[in-house]
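This report describes pockets, cavities, chain contacts and selected local features. The sequence and structure are shown first.

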There are 4 protein chains.
Amino acid sequence: MIFGAILFQMKPQIAFILTGGSIDKEYNSLDKAFTVGSGAVERVLKLVNSNFDAEIIPLFQKVSVDITDEDKAVICRTCTEVSTDKIIITYGTDAMTDIGQTLVGIENKTIVITGALKSQLIKDTDAEFNLGFATAAVQTLPAGIYIAMSGRVYSWNGCRKDMETGQFVEK
Amino acid sequence: MIFGAILFQMKPQIAFILTGGSIDKEYNSLDKAFTVGSGAVERVLKLVNSNFDAEIIPLFQKVSVDITDEDKAVICRTCTEVSTDKIIITYGTDAMTDIGQTLVGIENKTIVITGALKSQLIKDTDAEFNLGFATAAVQTLPAGIYIAMSGRVYSWNGCRKDMETGQFVEK
Amino acid sequence: MIFGAILFQMKPQIAFILTGGSIDKEYNSLDKAFTVGSGAVERVLKLVNSNFDAEIIPLFQKVSVDITDEDKAVICRTCTEVSTDKIIITYGTDAMTDIGQTLVGIENKTIVITGALKSQLIKDTDAEFNLGFATAAVQTLPAGIYIAMSGRVYSWNGCRKDMETGQFVEK
Amino acid sequence: MIFGAILFQMKPQIAFILTGGSIDKEYNSLDKAFTVGSGAVERVLKLVNSNFDAEIIPLFQKVSVDITDEDKAVICRTCTEVSTDKIIITYGTDAMTDIGQTLVGIENKTIVITGALKSQLIKDTDAEFNLGFATAAVQTLPAGIYIAMSGRVYSWNGCRKDMETGQFVEK
């Protein structure tokens, strides 16, 4: 079965493209402000004795509202140029569908956009769960652009963030 | 597309069948011993504002070597009787393929066996990542019996635990 | 020895007066802002099987720069009126000496002002250490007004926060 | 005031003598057993931007029942020889009074014995609180041998561990 053959291949290559968002927020105790870093994915992968090859590509350290059209073009180009066909993008939760739209047209790659409602540095973060979720999704889904949040896989334009609850729901 | 229609259905129902294993180990500070509990899945799901329905079924609180043939029959019967076709079993990491074998023959259900190398109560646990991973796998994979560990999906008889590293690798 | 007799008395009564500050900052994932709560002390005391009586008095949920003169008068009155002579005040780290000055004149009570550079909800917080530190200081020091930060006890007007490092150092 | 002069001295020197115990238990996920390490104090001190000099002396990695009379002699000699008069000993909680007795006779030093009911690696550990507590106690108490547990300072022979609750109570 071709599907199985692909699924169970040796050592998948997964690219993690980092753009910022709440998942990578860091609290600066000196000026008492949140800044955006880029260490969340690396810290989480260290917890897991993972049997895949991860390429971590830190592009931006921004909240999603600060991502410009130029930034989006860089993200898009990076997705195209990276050698693997399995890509996870960490992104701010407020504009995930925006970045999804930018990526439409990329062929033959499975791109999963994820993030977290709470910084990976916070005790009760959803970052570890969400990154695990995205890591399975990117290996099991056919080529396409997806958002993986709230324990669900959505097509990039099939969901919205409920601003009252923070939950990603069907559009 | 039927695949997509199934994937993006409203509110998936996921059954979590708990049998014990390291993921649910608890440290008893009085007699200085590990016991096996059943709270890991519930604690992890609380972290995630999840948009699926979870049914948590605590069957056993055992390490995998203590699971008897009778216990396996109970697990098998529970998988058959539970109304949903999406089942995650938490299980000790030392005998995951054993329980997989027991379940062969269950039709039309996606059964994902997972667990953790370190208790969910330990700071640098892999439990949150693994449960997130299994939660995506159970929604995206066709019917079958799978082991989801080390950031990989394996068929139930396609992997083994490397006893030197703890990593689940191809058989 | 009178000192020993006081020190080793049965069940000390300790009042925790909460005013806010970074120790009690909570991240609101919906509007992506920090708010100030009042749960840190209670969460920390739950970790410890403590053999003293704690009275938790939540007065304010403010950062220190928002504490008004009226608020300070309330804190001062609370210290005077509370029945115990062992008082820990959690306070924002930027204005700890200010509140210390307000309390000068309270007789026969040991008042220890503490807090944290990082919220108790953050994984690598200093909150648990600092609260443990203050809990010992309040039981062992003679009556007076103290600041307990950076693993040190200072008289209320004997230290300053180094704004470059966050460390409390001798004035 | 001499008391104040000592208390508020510049940069106290604190020696942390590590002997093992639950505070330093580590879970070995491969052979599924607890071993005893020596990293707890260093990890906790990293959380605190502390303004004292810490000398960490790892002597043993044992649970308290495995500490021999020879080991006790080594601990005693280390306390005598270390240049500072402020010493914290981390020790297993089951035999803290035993080690206290060994140290009787050491003059002019404040020795505080502490530990934790739960390993510092467990999410809801008491290790950070207890180490903060001991760090204040060692700076504020007169010379003597003390046990600092359960949020209390006891003379070394003034307390016992309640084996039902884990709490350290008056003898």
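## Largest pocket

In this predicted model, the largest pocket holds about 1700 Å³ of space. Its lining is made up of 38 residues. Those nearest the centre of the pocket are A:Lys123, B:Lys123, C:Ile122, C:Lys123 and D:Lys123.

Helix 2 (40-47) contributes at least two residues to this lining in each of chain A, chain B, chain C and chain D. Sorted by class, the lining of the largest pocket comprises 20 charged, 10 nonpolar and eight polar residues.

## Cavities

Four cavities of 30 Å³ or more are found when the whole structure is searched. The largest cavity contains about 60 Å³ of space, and 14 residues line it. A:Tyr27, A:Phe34, A:Ile122, C:Phe34 and C:Ile122 are the lining residues nearest the centre of this cavity.

Strand 2 (25-28) of chain A and strand 2 (25-28) of chain C are the elements that give two or more residues to the lining of the largest cavity. Eight of the residues lining the largest cavity are nonpolar, two are polar and four are charged.

## Contacts between chains

Between chain C and chain D, 45 residues of chain C are in contact with 45 residues of chain D. The area buried between these two chains is about 3400 Å², with 63% of it coming from carbon and sulfur atoms. On the chain C side, C:Asn49, C:Asn51 and C:Phe129 supply 20% of the area that chain C buries against chain D, more than any other three residues.

Two other pairs of chains have no contact. Chain B and chain C are not joined by any contact, and their closest C-alpha atoms lie 9 Å apart. Chain A and chain D likewise have no contact joining them, with closest C-alpha atoms 9 Å apart.

## Helix 5 of chain A

Helix 5 of chain A covers residues 127-140, 14 residues in total. The distance from its first C-alpha to its last is 20 Å, close to the 20 Å expected at 1.5 Å a residue. Because 14 of the 14 residues of helix 5 of chain A are buried, this helix is largely enclosed by the rest of the structure.

B:Ala148 is part of strand 7 (residues 144-149) of chain B. The relative accessibility of B:Ala148 is 2%, so this residue counts as buried, the cut-off being under 20%.

Beyond its neighbours within four places in sequence, B:Ala148 has contacts with B:Val112, B:Ile113, B:Thr114 and B:Phe133. B:Phe133 is 15 residues from B:Ala148 in sequence, and the two lie 7.3 Å apart in space, C-alpha to C-alpha.

Definitions and conventions:
Residues numbered from 1 in each chain as written. Chains lettered and ligands numbered in written order. Predicted model: local features only at pLDDT ≥ 70, side-chain atom pairs only at ≥ 80, totals over all residues. Heavy atoms only, no water. Helix = DSSP H or I, 4+ residues; strand = E, 2+ residues; numbered from the N terminus. Expected span 1.5 Å × (residues − 1). Buried < 20%, exposed > 50% of the residue type's maximum accessible area, 1.4 Å probe, protein only. 1 Å grid on protein atoms, 1.4 Å probe; cavity = no way out; pocket = protein on both sides within 12 Å on 5 of 7 lines; lining within 4 Å. Points joined across faces, edges and corners; volume = space filled by probe spheres on them. Nonpolar A, V, L, I, M, F, W, Y, C, P; charged D, E, K, R; others polar. Contact = heavy atoms within 4.5 Å. Buried area = accessible area lost by both parts, 1.4 Å probe.
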